[in-house]
Amino acid sequence: VTASESEVLPTPKQISLPESVAEKTPKENLIIMVSQTDILVQGQKVSDIKSVVNSDEPIIQPLMTSLKLHEAGAIKGSSKVDPKAGITIMADKEIPYKLLKKIMLTCASADYTNISLAVVRKVSAEDQS
């Protein structure tokens, strides 16, 4: 899984990405990883899946807070992040759509509207010939 011509995205064992035949590689972005149990931003846990799925709130407040802190450069060891640069969501292919929708709505509400979904490149028939 790549995020640019030279950057390889970390693929945790607990996340099984969906497959795609898309040719365009994602850009270097802020990374949100979504496993079956947790939501992480740049590798730091911000929330557990169970509480988010059970909540009636459309916005995931801990995720919103983390995105705003990254934008301000208030996260230890990181620099300011421009929301226009974008976000890459690495979500397990088995997570419910309701959860993915909440994550994307939270990102958009935090002014991160350039959202990419990380996938595993599926070998197409053209690639096999």
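Guide: His70 belongs to helix α2, which spans residues 61-72. Helices here are DSSP runs of H or I with at least four residues, strands are runs of E with at least two, and both are numbered from the N terminus. The model is predicted, so local features need pLDDT of at least 70 and side-chain atom pairs count only at pLDDT 80 or more, while totals for chains, interfaces and linings use all residues. Residues are numbered from 1 along each chain as its sequence is written, and side-chain values use heavy atoms, with hydrogens and water left out.

Visitor: Why is His70 called buried?

Guide: Buried means under 20% relative accessible area, exposed means over 50%, and partly exposed lies in between, with a 1.4 Å probe and protein chains only. His70 has 4% relative accessibility, and therefore counts as buried.

Visitor: Which residues does His70 touch, beyond those up to four places away in sequence?

Guide: A contact means heavy atoms within 4.5 Å. By that criterion His70 touches Leu30, Val41, Gln42, Ile75, Ser78, Ser79, Lys80, Val81 and Tyr112.

Visitor: What makes a group of residues a nonpolar core?

Guide: The members are buried Ala, Val, Leu, Ile, Met, Phe, Trp, Tyr and Cys residues joined through side-chain atoms within 4.5 Å. The largest such core has 23 residues, of which Ile32, Val34, Ile39, Leu67 and Ile103 touch the most other members. At least two residues each come from β2 (30-34), β3 (38-41), α1 (49-54), α2, β5 (87-91) and α3 (97-109). The largest share, four residues, is supplied by α3. Another core, of five residues, lies apart from this one and includes Ile31, Met33, Leu40 and Ala118.

Visitor: What does Leu67 contact, leaving aside its neighbours within four places in sequence?

Guide: Leu67 is in contact with Leu30, Ile32, Ile87, Thr106, Cys107, Ala110 and Tyr112.

Visitor: Why are β4 and β6 described as standing at the edges?

Guide: The open sheet has five strands in the order β4-β3-β2-β5-β6, with mixed pairing. β4 and β6 each have a single partner strand, so one side of each is left without a neighbour in the sheet.

Visitor: Why is the contact of Asp38 with Lys45 called a salt bridge?

Guide: The term requires a side-chain nitrogen of Lys or Arg within 4 Å of a carboxyl oxygen of Asp or Glu. The N to O distance between the side chains of Asp38 and Lys45 is 3.2 Å, and the pair therefore qualifies. Asp38 counts as buried at 19%, whereas Lys45 is exposed at 54%.

Visitor: What makes Lys68, Glu71 and Asp111 a network?

Guide: These residues are linked by salt bridges. Glu71 meets Lys68 at 3.6 Å, N to O, and Lys68 meets Asp111 at 3.9 Å, N to O. Lys68 lies in helix α2 and Asp111 in the loop between α3 and β6, so this pair ties together parts that are 43 residues apart in sequence. Glu71 and Lys68, by contrast, are three residues apart in helix α2, which means a separation of about one helical turn. The relative accessibility is 28% for Glu71, 35% for Lys68 and 46% for Asp111, so each counts as partly exposed.

Key. Pairing = 2+ DSSP bridges.
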